[in-house]
Amino acid sequence: MSETNINWYPGHMAKTRRMLEEYLKQVDAVCELLDARIPRACRNPDIAALCGQKPRMIVLNRSDMADPDGTARWAAALKKEGYAVLATDCKNRKGVNQFVPAVRSLLGDKLTRYADKGLVGKQLKLMIVGIPNVGKSTLINQVAKNKSAKAENRPGVTRGKQWITVDQGLLLLDTPGILWPKLDDDEVARHLAYTGAINDEVLDCEWLACSLARLLWEKYPDAMRARYGIDVSPDAEGYEILEACGRKRGFLVSGGEVHTERMAKTLLEEFRSGKLGRFTLEEPQ
Ligand code: G4P
């Protein structure tokens, strides 16, 4: 990523990967959780290889923050790629009830085979994976109806992994698999940063906000006009857009110049909190 030096994913990658590989051996299917606003940036480049032939499901979470049309386009495109797809909004518990039926349908062939062979009571296992902060724990808790909320906080007690029965014959691993994003890709890193998935402290906030302003002005000019009342040319640079927003907001310093840093923080905050609207920043290919 230019102008920043993101060394965000901690050095535990090798250990995390080993753990993940170990867990993956034990499951029948994998559910990858993505942020519906930036489904491409959230996808882990190695997950396909790690999962092998296992059936995979994709959950587009935070759909409450994404453009509904964008989510529909992504869901259709991912289904075409062969994934079972579900959009969820864990904030308002929308779509969560469809999780188990979607998994059952994903594993339908296996369930039928077990039934045909008379393997009554054989359980299917599933694991949720995703990059940090996409909502894995929240989804697990909601799907498991908080059954996983065991005594995690007791000091000195390291809890082993546990399987939660989420439905007859269906077990969910209570520990999510943490994946690493492809941060060496400029656009991926930027998109993760817009949503706050990358720690702000390592970033130049003004540079980031200019880049976000440019993208929003291109994709969602009406939302920008509605919130900030700006009217700059369609091909205005990010800094010009940010300045126009700041001027409208009255963020001025002595001499009448715009306090762009303040506006940068405001834009990022209003984007991340959803005040600015619902956005999907990426399109399926
Ligand atoms: P992780 O396990 O993947 O790291 O993510 P986690 O579940 O901890 O969720 C990260 C944050 O995202 C949490 O907010 C959670 O409430 C929020 N979140 C999860 N799913 C959704 C969703 O569908 N929509 C929205 N808008 N938010 C979601 P937090 O601020 O860290 O905690 P809290 O304020 O909920 O306590």
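A polar contact here is a pair of N or O atoms within 3.5 Å. Keep that cut-off in mind, because pairs of this kind turn up throughout the tour below. One more thing before we start: what you're looking at is a predicted model.

## Starting at Asp 28

Asp 28 sits in the loop between α1 (13-25) and β1 (29-35). A polar atom of the Asp 28 side chain lies 2.6 Å from the backbone nitrogen of Lys 125. The side chain of Asp 28 also has a polar contact of 2.9 Å with the side chain of Lys 110. Is Asp 28 buried or exposed? Its relative accessibility is 14%, and the cut-off for buried is under 20%, so Asp 28 counts as buried. Leaving out residues up to four places away in sequence, Asp 28 touches a whole list of others, including Lys 54, Pro 55, Leu 107, Tyr 114 and Gln 123.

## Stepping back

Now for the whole protein. You'll find twelve helices and seven strands, and 47% of the 285 residues count as buried. Take the contacts between residues at least 6 apart in sequence: 70% of them join residues at least 24 apart. The accessible surface comes to about 14300 Å², with 47% of that belonging to carbon and sulfur atoms.

What about disulfides? A disulfide is a covalent bond between the sulfur atoms of two cysteines. The count for this model comes to zero. As for individual cysteines, Cys 51 is buried at 4% relative accessibility, and Cys 245 is buried at 1%.

## Around the ligand

There are 15 residues around the ligand, and those that come nearest are Arg 62, Cys 90, Lys 136, Ser 137 and Thr 138.

| Residue | Distance to a ligand oxygen |
|---|---|
| Asn 61 | 3.0 Å |
| Arg 62 | 2.8 Å |
| Lys 136 | 2.7 Å |

On its own, the ligand has 700 Å² of accessible area, and the protein covers 58% of that. Which element gives the largest share of the shell around the ligand? That's helix α7 (residues 136-143), with three residues.

## Loops worth a stop

Asn 44 is in the loop between α2 (39-42) and α3 (47-51), and it counts as buried at 4% relative accessibility. The Asn 44 side chain reaches the backbone nitrogen of Ile 47 at 2.9 Å. Leaving aside neighbours within four places in sequence, Asn 44 is in contact with Glu 32, Leu 179 and Trp 180.

Ala 236 is found in the loop between α10 (221-228) and α11 (238-249). Ala 236 is buried too, with a relative accessible area of 2%.

## Positive phi angles

Most residues other than glycine have a negative phi. Arg 93, in the loop between β3 (84-87) and α5, has a positive phi near 55°. Asn 133, in the loop between β4 (124-130) and α7, has a positive phi near 75°. With 53% relative accessibility, Asn 133 counts as exposed. Finally, Lys 145 follows α7 and has a positive phi near 50°.

How values were computed
Residues numbered from 1 in each chain as written. Predicted model: local features only at pLDDT ≥ 70, side-chain atom pairs only at ≥ 80, totals over all residues. Heavy atoms only, no water. Helix = DSSP H or I, 4+ residues; strand = E, 2+ residues; numbered from the N terminus. Buried < 20%, exposed > 50% of the residue type's maximum accessible area, 1.4 Å probe, protein only. Contact = heavy atoms within 4.5 Å. Areas by Shrake-Rupley, 256 points an atom, 1.4 Å probe, with all protein chains shown as cover. Disulfide = S-S within 2.5 Å. Near = heavy atom within 4 Å. Polar contact = N/O pair within 3.5 Å; in protein donor to acceptor, adjacent residues only side chain to side chain.
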